[in-house]
Amino acid sequence: MPFKRYVEIGRVALVNYGKDYGKLVVIVDVVDQNRALVDAPDMVRSQMNFKRLTLTDIKIDINRVPKKKTLIDAMEKADVKNKWESSSWGRKLIVQKRRASLNDFDRFKLMLAKIKRAGIVRQELAKLKKETAA
Amino acid sequence: MVSKRKTPVKTRNPDLIRGVGKYSRSKMYHKRGLWAIKAKNGGVFPHHDPKPKAPAAAEKAPKFYPADDVKKPLLNKRKPKPTKLRASITPGTVLILLAGRFMGKRVVFLKQLPSGLLLVTGPFKINGVPLRRVNQSYVIATSTKVDISGVNTEKFDDKYFAKEVGKKKKKGEGEFFEAEKEDKKKLPEDKKEDQKAVDGSLIKSIEVVPDLKAYLAARFSLKSGMKPHELVF
């Protein structure tokens with residue numbers, strides 16, 4: 001099984017450890033075997049160990065170490081934000097965040113909604129069962 | 001006593017440094033106008049005789065001298081303040097009770113009493129919790145708020161919740177068993193009226209929000225997978 005996501009300049013990665021946990025960053029240069037220079041529109045360009053990064057499918061078109069403005073323009077052009085938020089990985093993270101921020105009252109309303117949905121599903125199932133039995 | 005001025009006098013002798021004034025004694029004599037007071041009084045400083053005091057009553061020798069000298073305890077003028085209320089608890093907050101008869105019930109916070117305890121109500125019709133005092137430590141504050149503007153909590157304080165003092169019963173042998181069978185104390189009617197008055201407007205503002213009534217009627221419990229330190233209340 002060959003690799004599909006490569007470490008290259010312009011590869012978008014997710015930070016999975018440290019102060020910038022959960023941020024999407026762009027690999028802007030490779031320092032050595034273990035570290036990359038990494039940049040994002042809302043952070044200072046810094047080096048990060050590859051172990052802190054998880055590569056994504058998204059790649060943008062930039063030269064080595066672009067200026068901040070160039071980077072931001074390239075990210076806009078490639079529409080990284082929307083691509084990420086519509087990908088199944090991105091959507092899962094959004095749902096996780098929403099679930100973690102639920103209020104006690106929200107959790108109660110969620111429980112009521114789940115019960116309601118299960119009731120509707122069960123009704124439909126019963127209907128279908130009756131039809132096939134008949 | 002010496003007559004006091006309405007505002008204390010500012011010294012007319014500013015400090016050059018601490019302990020050294022700018023003006024000498026003779027200069028200060030002139031600045032304070034002591035010469036003018038003397039002149040008004042004919043060259044002598046005015047002298048007022050002390051007012052005749054009522055003769056002090058003759059003290060009798062005490063009947064009893066204690067054997068050992070006992071030290072008087074130091075004077076304590078501390079006035080205790082009510083406990084500091086957590087910032088998350090404001091009037092109208094829904095609280096979760098953590099201990100006692102109503103463990104797990106979600107309840108509406110009304111106000112903090114002077115003793116520091118929190119005054120709380122179910123409302124009674126919704127979950128059976130009456131007007132009650134609760135300690136802040138045994139409570140989780142949720143971020144859900146109820147509109148409490150229609151409720152008047154002026155008349156409730158700690159004295160309202162004091163226990164009724166019953167008359168003492170003599171423990172005669174025959175009477176012992178009969179005394180136990182006395183019926184439970186009934187709740188006085190005016191307390192029921194108070195409860196209804198408080199809950200009336202509360203229930204109206206609760207019914208405005210969908211599902212809030214059912215929320216307050218349900219108890220809170222930790223289910224499998226819920227981590228209290230990660231939950232947002």
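A:Val80 counts as buried because its relative accessibility is 4%, where buried means under 20% relative accessible area, exposed over 50% and partly exposed in between, computed with a 1.4 Å probe on protein chains only. This is a predicted model, in which local features need pLDDT of at least 70 and side-chain atom pairs count only at pLDDT 80 or more, while totals for chains, interfaces and linings use all residues. Residues are numbered from 1 along each chain as its sequence is written, chains are lettered from A and ligands numbered from 1 in the order in which they are written, and side-chain values use heavy atoms, with hydrogens and water left out.

To continue with A:Val80, this residue lies in helix H2 of chain A, residues 80–86. Helices here are DSSP runs of H or I with at least four residues, strands are runs of E with at least two, and both are numbered from the N terminus. Which residues does A:Val80 touch, not counting those up to four places away in sequence? They are A:Val12, A:Leu24, A:Ile58, A:Ile60 and A:Met75, contact meaning heavy atoms within 4.5 Å. A:Arg52, by comparison, is 28 residues from A:Val80 in sequence and 20 Å from A:Val80 in space, C-alpha to C-alpha.

Chain A as a whole is divided into domain 1 (1–101) and domain 2 (103–133), with bounds that come from an automatic or database domain assignment. Taken over C-alpha atoms, the centres of these two domains of chain A are separated by 39 Å.

I turn now to chain B. Its secondary structure comes to six helices and seven strands, in the order β-β-α-α-β-β-β-α-β-β-α-α-α along the sequence. Of the 233 residues in chain B, 25% are buried. Among contacts in chain B with a separation of 6 or more, 60% join residues 24 or more positions apart.

Next, the interface. Here 18 residues of chain B are in contact with ten residues of chain A. The area buried between the two chains is about 970 Å², with carbon and sulfur atoms giving 58%; buried area is the accessible area (1.4 Å probe) that two parts lose on being put together, summed over both. On the chain B side, B:Asp211, B:Tyr215 and B:Val232 lose the most area to chain A, together 47% of what that side buries.

How many salt bridges are counted between chain B and chain A? The count is one, and B:Arg106 forms a salt bridge with A:Asp104, the closest N and O atoms being 3.1 Å apart. The term requires a side-chain nitrogen of Lys or Arg within 4 Å of a carboxyl oxygen of Asp or Glu. Strand S7 (139–145) and helix H6 (212–217) of chain B each supply at least two residues of the side that touches chain A.

Finally, some backbone geometry. Most residues other than glycine have a negative phi, and most peptide bonds are trans. B:Asp211, already named at the interface, has a positive phi near 70°. B:Asp211 lies in the loop between helix H5 (189–208) and H6 of chain B, and is partly exposed because its relative accessible area is 36%. In chain A, A:Val65 has a positive phi near 50°; this residue is found in the loop between strand S5 (53–59) and helix H1 (68–78). The peptide bond from B:Gly122 to B:Pro123 is cis, with omega near -5°, and B:Pro123 is found in the loop between strand S5 (118–121) and helix H3 (124–127) of chain B.
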